[in-house]
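Here is a short report on a predicted model. Please keep the sequence and the structure in view while reading.

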Amino acid sequence: MEQTLFIVDFDGCVVKHEYPKVGENIGAQAVLRKLVANDHKIILNTSRGHVDGSIDEAVKWFKDNEIPLSGVNFKPKLDPSNPFAYVIIDDSALGCPLIQNHGELPYVDWVNVHFMLDKLGYFNS
């Protein structure tokens, strides 16, 4: 498959919701690393603020998990626009598989995301 640009949210997508702290890992690392290993590009698209430094913590999470980013897009909370991409993975996206535990905000189900991406042919290896 040709190189694809993926837009990925942070809170509720690659980690559990715990803003402004970085939430618990939910299994995104292996899938994101596999996308990069298959020559796809990832852009972080987040509402985390520059003022409180929380966007830096999100970028650090990617670096610490050895997942290279091709860019970082800051989106204000009230701005519904996303940068152009072929695939957007976001806990607020219609159709994105989610896990809903009692008393927690829903977050992305990376086992099912991996299955969907594999079925669509995004992984060569």
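## The sheet

Four strands make up an open sheet. Their order is E3-E2-E1-E4, and they pair in parallel. E3 (71-74) and E4 stand at the edges. Each has a single partner strand, so one side of each lacks a neighbour in the sheet. From one strand to the next, the twist averages 25 degrees.

The pairing of E2 with E3 is parallel and runs over four bridges.

## The nonpolar core

The largest nonpolar core holds 27 residues. Phe6, Val14, Leu32, Trp61, Phe62 and Trp110 have the most contacts inside it. At least two core residues come from each of strand E1 (5-8), helix H1 (28-37), E2, H2, strand E4 (87-89), strand E6 (107-108) and helix H3 (110-119). H1 gives the largest share, four residues.

Valine 14 shows how parts of this region meet. Beyond its neighbours within four places in sequence, valine 14 contacts Val8, Asp9, Asn25, Ile26, Ala28, Leu32, Trp61, Phe62 and Trp110.

## Helix H2

Which residues of H2 are buried? They are Ser54, Ile55, Ala58, Trp61 and Phe62. These cover an arc of only 115 degrees around the axis, which puts them on the same side of H2. An α-helix has 3.6 residues a turn, so residues three or four places apart point the same way. On the other side of H2, Asp56 and Lys63 are exposed.

The buried residues of H2 pack against H1, E2 and E3. Just after the helix, glutamate 66 adopts a positive phi of about 55 degrees.

## Helix H3

H3 buries Trp110, Val113 and Leu117. Their arc around the axis is only 50 degrees, which places them on the same side of H3. Exposed on the other side of H3 are Val111, Phe115 and Lys119. The cover over the buried residues of H3 includes E1, H1, E4 and E6.

Both ends of this helix have a local feature to check. At the start of H3, a side-chain oxygen of aspartate 109 comes to within 3.2 Å of the backbone nitrogen of valine 111. Just after H3, glycine 121 has a positive phi of about 90 degrees.

## Arginine 48

Where does arginine 48 sit? Its place is in the loop between strand E2 (41-46) and helix H2 (54-64). Is arginine 48 buried or exposed? Its relative accessible area is 1%, so arginine 48 counts as buried, the cut-off being under 20%.

Residues up to four places away in sequence aside, arginine 48 touches Phe10, Asp11, Tyr19, Pro20, Lys21, Val22, Ser54, Ile55, Glu57, Ala58 and Phe74. Among these, Ser54, Ile55 and Ala58 are also buried residues of H2. With aspartate 11, arginine 48 makes a side-chain polar contact of 2.8 Å. Aspartate 9 lies 39 residues from arginine 48 in sequence. In space, the two are 9.9 Å apart, C-alpha to C-alpha.

Methods
Residues are numbered from 1 along each chain as its sequence is written. This is a predicted model: local features need pLDDT of at least 70, side-chain atom pairs count only at pLDDT 80 or more; totals for chains, interfaces and linings use all residues. Side-chain values use heavy atoms; hydrogens and water are left out. Buried means under 20% relative accessible area, exposed over 50%, partly exposed in between (1.4 Å probe, protein chains only). Contact means heavy atoms within 4.5 Å. A polar contact is a pair of N or O atoms within 3.5 Å; within protein, one must be able to donate a hydrogen and the other to accept it, and residues adjacent in sequence count only if both atoms are side-chain atoms. A nonpolar core is a set of buried Ala, Val, Leu, Ile, Met, Phe, Trp, Tyr and Cys residues joined through side-chain atoms within 4.5 Å. Two strands pair if DSSP finds at least two bridges between them. Axes are lines fitted to C-alpha atoms, for helices over the stretch in contact, and angles run from 0 to 180 degrees between N-to-C directions. The arc is that of the directions from the helix axis to the C-beta atoms.
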